[in-house]
Amino acid sequence: MSAPVRVWLNRTYAENVFFIDLLRSAPRPVEVHATHVDPDSPVLAAADFGSLEPDRLSPEAYVEFALEFCARNSIDVFLPRLGQLAISLRRRDFEAIGTALVCPPAAAIAVFASKVDGYAAMAAAGLPVPLWRHVRTADELLAAVEEIEADGSTACLKPATGAGGEGFRVLTREPFTLRRLTGFPDARVQLDQVLAALEADPEPADLLVMPLLEGPEVSVDCLAAPDGRLLTAVGRTKDRRRRAFTTDPRYLEPTRRLVEEFGVGYLSNVQYRHHHGRPVVLDVNTRPSGGLHQLRLCGLNLPWTAVQLALGEHPAVPAALIDTEYTLVSGVQPVLPRQLARGWERAAAATVG
């Protein structure tokens with residue numbers, strides 16, 4: 001039996017326990033390493049070797065930790081989530097110790113590290129983006145909201161950097177009433193409260209204001225060659241609990257242009273919603289999406305194919321079988337105490353060292 005391919009996932013999302021399952025379904029042996037700061041992260045239990053990693057390191061210090069981890073564990077392929085830009089900048093140092101990176105070039109990551117920079121770059125490239133405004137002051141916020149409302153839309157805001165919908169709020173001019181204290185909390189916030197907070201804070205804000213976009217959301221998972229040439233892309237439509245796959249050119253053609261224009265190699269994800277019925281890019285992730293594993297339902301194992309590309313192989317990518325509708329349910333992942341105990345020891349050693 002051939003030696004296993006050692007793959008490391010650092011501080012990744014809980015849903016990537018399914019990503020690990022896909023790696024294990026490869027035709028060759030795969031040994032999965034995972035690290036996290038949360039001892040209860042399901043990925044630690046799902047991995048062959050789960051370890052705790054040191055927290056609150058600078059990007060440069062984290063890269064040194066990662067290099068040492070790869071060398072000590074003879075990692076063949078590293079799929080970074082945390083510290084992706086700093087790690088990609090040191091790609092040659094990882095290659096020198098025999099570790100290939102599954103992440104785009106640093107230049108592509110940097111473009112989309114800030115939503116403001118990403119939208120500006122996409123707009124300049126002629127890609128479909130919604131009306132967006134970068135605001136730092138109360139006056140800029142009010143002007144942006146009035147412009148969006150004049151277009152017949154509701155304004156929303158979010159931080160210029162962030163992931164997973166962090167900080168997303170819908171701006172409303174309605175006064176706060178006791179009705180807001182019934183039912184479940186929502187994302188609405190009073191415009192006058194945000195304006196007052198901006199006026200009171202001496203530091204400029206870093207916010208993105210745009211129209212509240214219409215559904216359904218379409219999340220396009222992409223696999224590209226290391227040079228950014230798109231090899232395959234499949235959209236996942238999200239309409240309440242119902243999910244389906246799509247290869248509609250309205251989503252896939254701008255995705256191809258985006259990936260190849262900016263050289264977004266390996267695994268990435270482009271999210272779309274709609275403005276006045278027209279698909280527009282909502283977000284670009286230079287990493288695999290948490291729902292990438294769902295593509296196994298249409299015959300694709302993109303995590304393993306990406307590993308093959310990183311190893312210098314030329315895998316065939318089958319056509320996606322998209323005639324499937326499905327829904328999502330929760331699962332259970334057991335915790336393996338001995339693996340976590342080893343992880344505590346490794347994290348402590350790394351911190352002390």
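Contact here means heavy atoms within 4.5 Å. Axes are lines fitted to C-alpha atoms, for helices over the stretch in contact, and angles run from 0 to 180 degrees between N-to-C directions. Helices (H or I, at least four residues) and strands (E, at least two) are DSSP runs, numbered from the N terminus. This is a predicted model, in which local features need pLDDT of at least 70 and side-chain atom pairs count only at pLDDT 80 or more, while totals for chains, interfaces and linings use all residues. Residues are numbered from 1 along each chain as its sequence is written, and side-chain values use heavy atoms, with hydrogens and water left out.

View 1. Helix H3 (residues 59-73) lies across E1, E2, E3 and E4. H3 runs at about 155° to E1. The open sheet has five strands, ordered E3-E2-E1-E4-E5, with parallel pairing. Strands count as paired if DSSP finds at least two bridges between them. Strand E3 (49-52) and E5 are the edge strands, each pairing on one side only. E1 and E2 are joined in the parallel sense over six bridges. Trp-8 stands opposite His-33 in E2.

**View 2. Thr-99 in its loop.** Thr-99 sits between helix H5 (91-96) and strand E5 (100-101). Thr-99 is buried, at a relative accessible area of 1%. Buried means under 20% relative accessible area, exposed over 50%, and partly exposed in between (1.4 Å probe, protein chains only). The Thr-99 side chain reaches the backbone oxygen of Ile-75 at 2.7 Å. Residues up to four places away in sequence aside, Thr-99 touches Cys-70, Ile-75, Asp-76, Val-77, Phe-78 and Phe-94.

**View 3. The largest nonpolar core.** A nonpolar core is a set of buried Ala, Val, Leu, Ile, Met, Phe, Trp, Tyr and Cys residues joined through side-chain atoms within 4.5 Å. The largest has 36 residues; Val-7, Val-77, Leu-79, Val-102, Leu-267, Leu-295 and Val-307 touch the most other members. Elements giving two or more residues to this core include strand E1 (5-10), strand E4 (77-79), strand E14 (266-275) and helix H11 (302-310). H11 supplies the largest share, six residues. Val-307 touches Val-5, Val-7, Leu-23, Val-77 and Leu-79, not counting residues up to four places away in sequence. Another core, of 31 residues, lies apart from it; Val-220, Cys-222, Val-270 and Leu-282 are among its members.

**View 4. The antiparallel sheet.** Six strands form an open sheet in the order E15-E14-E11-E12-E13-E16, with antiparallel pairing. Strand E15 (278-285) and strand E16 (325-326) stand at the edges with a single partner strand each, so one side of each has no neighbour in the sheet. Strand E12 (residues 230-239) and strand E13 (residues 242-246) pair over five bridges. Asp-239 has Arg-242, in E13, as its bridge partner. H11 packs on the sheet, touching strand E11 (214-224), E12 and E14, and its direction makes about 135° with that of E14.

View 5. Ala-320 lies in the loop between H11 and E16. Ala-320 is partly exposed, at 24% relative accessibility. Ala-320 and Thr-246 are 74 residues apart in sequence and 9.6 Å apart in space, C-alpha to C-alpha. Leaving aside neighbours within four places in sequence, Ala-320 contacts Val-234, Cys-298 and Leu-300.

View 6. With a disulfide taken as a pair of cysteine sulfur atoms within 2.5 Å, the count comes to zero. For Cys-103, the nearest cysteine sulfur is that of Cys-70, 11 Å away. Cys-103 is buried, with a relative accessible area of 1%. The sulfur of Cys-222 is 13 Å from the closest cysteine sulfur, in Cys-298, too far for a bond. Cys-222 is buried, with a relative accessible area of 1%.

Methods. A polar contact is a pair of N or O atoms within 3.5 Å; within protein, one must be able to donate a hydrogen and the other to accept it, and residues adjacent in sequence count only if both atoms are side-chain atoms.
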